[in-house]
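Good morning, and thank you for coming.

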Amino acid sequence: QVQLVESGGGLVQAGDSLSLSCAASGRTFSSSVMGWFRQAAGKEREFVAAISWSGGTTYYAGSVKGRFTISRDNAKNTVHLQMNSLKPEDTAVYYCAAGFIGHWNSDYIRSASSYDYWGQGTQVTVSS
């Protein structure tokens with residue numbers, strides 16, 4: 001079992017920055033690909049970013065590339081999502097996910113079904 005707890009959400013204005021964190025416990029953290037997903041009201045959950053087991057490789061959705069940065073600290077069992085230049089369309093519940101994925105493949109990495117464990121989510125609201 002892996003337990004994931006997100007923190008750092010809140011209400012900000014367009015153009016502001018926000019940093020999300022996800023603390024993991026349970027199975028070996030460094031064995032999992034970590035991802036961030038988001039779900040806006042009335043919409044399906046969508047991929048935001050993912051980071052490989054060692055942190056050496058990252059992948060972003062086109063809508064956040066250049067504005068968001070995912071990172072991880074395997075010594076502290078944490079993964080972070082730094083969000084800059086936030087837009088109202090970034091408003092959503094953000095979820096941290098852990099997947100024991102054996103092969104880094106972009107199609108697989110951005111699919112929610114590839115992840116085994118999920119956090120409870122944290123709300124991010126960006127006002128215009």
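With which residue does Asp90 form a salt bridge, the closest N and O atoms being 2.8 Å apart? The partner is Arg67. Before I go further, please note that this is a predicted model.

For Asp90, the relative accessible area is 0%.

What is the relative accessibility of Arg38? The value is 5%, and because buried means under 20%, Arg38 counts as buried. Arg38 forms a further salt bridge with Glu46, with a distance of 2.5 Å from N to O. Glu46, by contrast, is partly exposed, at 35% relative accessible area.

Taken together, Arg38, Glu46, Arg67 and Asp90 belong to one network, joined by salt bridges that share partners. The count of salt bridges in the model comes to four. As a general point, side chains of opposite charge can pair when their charged atoms come close.

I turn now to the strands. Four of them make an open sheet in the order β1-β3-β8-β7, and their pairing is antiparallel. At the edges are β1, residues 2-7, and β7, residues 68-73, each of which pairs on one side only. From one strand to the next, the twist averages 15°. Strand β7 is joined to β8, residues 78-83, by six bridges. Within this pair, Phe68 stands opposite Met83.

Finally, the nonpolar core. Which residues touch the most other members of the largest core? They are Trp36, Leu81 and Tyr94, in a core of 37 residues. Among the elements that give two or more residues to this core are β1, β3, β4, β7 and β8.

Leaving aside neighbours within four places in sequence, Leu81 is in contact with residues including Leu18, Leu20, Val48, Phe68 and Ile70. Trp36 and Tyr94 are also among the contacts of Leu81.

Thank you for your attention.

Conventions. Residues are numbered from 1 along each chain as its sequence is written. This is a predicted model: local features need pLDDT of at least 70, side-chain atom pairs count only at pLDDT 80 or more; totals for chains, interfaces and linings use all residues. Side-chain values use heavy atoms; hydrogens and water are left out. Two strands pair if DSSP finds at least two bridges between them. Helices (H or I, at least four residues) and strands (E, at least two) are DSSP runs, numbered from the N terminus. Axes are lines fitted to C-alpha atoms, for helices over the stretch in contact, and angles run from 0 to 180 degrees between N-to-C directions. A nonpolar core is a set of buried Ala, Val, Leu, Ile, Met, Phe, Trp, Tyr and Cys residues joined through side-chain atoms within 4.5 Å. Buried means under 20% relative accessible area, exposed over 50%, partly exposed in between (1.4 Å probe, protein chains only). Contact means heavy atoms within 4.5 Å. A salt bridge is a side-chain nitrogen of Lys or Arg within 4 Å of a carboxyl oxygen of Asp or Glu.
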